[in-house]
Amino acid sequence: MSESGGHVLVFPYPALGHMIPLLDLTHQLATRGLTITILVTPKNLRLLSPLLSAHPHSITPLVLPFPAHPDVPAGVENTIDLPASGFRSMMIALAGLRDPILQWFRSHPSPPSAIISDMFLGWANHLASDLGIRGYAFFPSGAFAISFIHSLWREMPQRKDAGDESEAVEFPEIPYSPVYPWWQLSPVFRSYVKGDPNSEFIRDSYLGNFASYGLVFNSFDGLEGIHLDYLAKKMGHDRVWAFGPLLPPDPTGRGGSSSVLATEICSWLDTCEEHSVVYVCFGSQAVLTNDQMRELTLGLEKSEVKFILSVKGATKGHDRGGNYGSIPEGFEDRVAGRGLVIKGWAPQVSILEHRAVCAFLTHCGWNSTLESIEAGVPMLAWPMGADQYLNTTLLVEQLDVAVRVCEGPTTVLGSDELVRVLGEVRSEKWSERRGRAMALSKAASDAVTVGGTSFKNLDYFATLLGLGLSHSQTIFRCINIQHE
């Protein structure tokens, strides 16, 4: 354990899927004796409340005004209020915090000796270098996905036919590398325009992560060891750490408002038989179109399976024509008793860990993926964007703990096809898939317990941060904790 109380600045990207795991990592570092400052803008401060209550003496918020940007609506400071296309604008807007951060560092009587910044804030690693301190890049995505994303920005593949969205892109040097059509590549990468200042800034920011002192992942060796090793080889050193699965001490104390209390959800699940409930949720960012929602709810209704459906309504950034997020009239009444509909935030960790849940219909965002693995619940995969196609490849082709049921952000999964898919969760093959998921669950639990790989990596990392070294100083690492 670190006893020196080194001071670290943690800089999360304001998207729930990015903030939550980095805040969970911050909790782990605080329990290991570090002093931490967390940088947020005013409207994201509330998300720190559980962490500040748990560590009132060791964690302090640094609240800086959100930099205005023409493509980010006034009053919006978190991507939960934007469609997926808003990620790019948010990345560019937050670069406006560079000078305020620099001024804060120069005026602080005891400034941090390291910065841990989200992967979408890669420019913070350049800032750390300018300050003469170490920068660490935090990835809320898995090592398999980041191997591809780094390759994209390093190699900059081009299409032979600029209008062909189905053209295949190959990644032969990455272990178990499949081939992806152009439309499934990172939308931020696909929006790149050579010479455009914003595009060049984003590329430089991504590459800045790999100019950092080390890479930090919410993953574990038993899940992605081969790709963690691959990234260490690309970095030319072993400062690639996996600390996951990063889960909160109290999973019900994070997120936002909900139409159903967590206690009511658990009470309802308690009335259900073991392995009888399908949980359906597409994360904090995705909003289904009305056509998707109509077929999804019709399929759930016709299937006769018990289910929990978590839905997100249209945000400020979606069109205002009423084409998103609407639940068909009368659906909730027709499925009353057999189905539970949650509008807003769902206590996902608690739901997945309940004995009644047998399957998770998910977009395969990395947090959802890890939470399902940790709970030993096999998945029905419907990737919609970002790293989700890559995560699905890992889950379906490499681990066989999921089946692919649909792909794409606007693709409509027909109700009859959904009925057929839901029928599979009662099959013997699904039981075998559950067995593999339970084995991964044990590996995840072993990783984060005392003596596990993630636990030891966290101890070492906290000690490294606690030493408070600048670039002008040297540390001799005597053992390789991650790969021993």
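These are my notebook entries on what I looked up in this predicted model.

**Ground rules.** I number residues from 1 along each chain as its sequence is written, and my side-chain values use heavy atoms, with hydrogens and water left out. Since the model is predicted, I ask for pLDDT of at least 70 for local features and 80 or more for side-chain atom pairs, while totals for chains, interfaces and linings use all residues.

**Confidence.** I started with pLDDT, the predictor's confidence in each residue, from 0 to 100. The protein has a mean pLDDT of 89, and 91% of its residues reach 70 or more. I marked residues 469-484, where pLDDT stays under 50. For that stretch the model has 32 contacts (heavy atoms within 4.5 Å) beyond four places in sequence.

**Cores.** Next I looked up the nonpolar cores, sets of buried Ala, Val, Leu, Ile, Met, Phe, Trp, Tyr and Cys residues joined through side-chain atoms within 4.5 Å. Buried here means under 20% relative accessible area, exposed over 50% and partly exposed in between, with a 1.4 Å probe and protein chains only. The largest core holds 102 residues, and Ile 101 and Ile 308 touch the most other members. Helix H6 (residues 143-155) gives this core its largest share, 8 residues. Helices (H or I, at least four residues) and strands (E, at least two) are DSSP runs, numbered from the N terminus. Apart from that core I found another of 33 residues, including Leu 34 and Leu 465. I also listed the neighbours of Ile 308: among them are Ile 265, Trp 268, Leu 340 and Ile 351.

**H6 against H9.** I followed H6 to helix H9 (residues 221-235): they pack at about 30 degrees with axes 8 Å apart. The axes are lines fitted to C-alpha atoms, for helices over the stretch in contact, and angles run from 0 to 180 degrees between N-to-C directions. Residues that meet include Phe 144 and Arg 154 in H6, and His 227 and Lys 234 in H9.

**Ser 117.** Is Ser 117 buried or exposed? Ser 117, in strand S4 (residues 114-118), counts as buried because its relative accessibility is 0%. Its contacts, leaving out residues up to four places away in sequence, include Phe 11, Asn 125 and Tyr 136.

**Helix H14.** I checked H14 (residues 366-375) and found 9 of its 10 residues buried. Trp 366, Asn 367 and Glu 371 are among the buried ones. Gly 376 follows H14 and has a positive phi, near 75 degrees.

**Cysteines.** How many disulfides does a search of the whole structure find? I got 0, counting a pair of cysteine sulfur atoms within 2.5 Å as a disulfide. For Cys 281, the nearest cysteine sulfur is that of Cys 364, 12 Å away. Cys 281 counts as buried because its relative accessibility is 7%. Cys 406 also has the sulfur of Cys 364 as its nearest, 12 Å away, and Cys 406 is buried at 8%.

I noted a cis peptide bond between Gly 244 and Pro 245, with omega about 0 degrees. Pro 245 sits in the loop between strand S9 (240-242) and helix H10 (262-270). Ala 386 is not a glycine, yet has a positive phi of about 50 degrees. Its place is the loop between strand S14 (379-381) and helix H15 (388-398), and Ala 386 is partly exposed at 42%. Asp 400, in the loop between H15 and strand S15 (402-404), has a positive phi near 55 degrees and is partly exposed at 28%.
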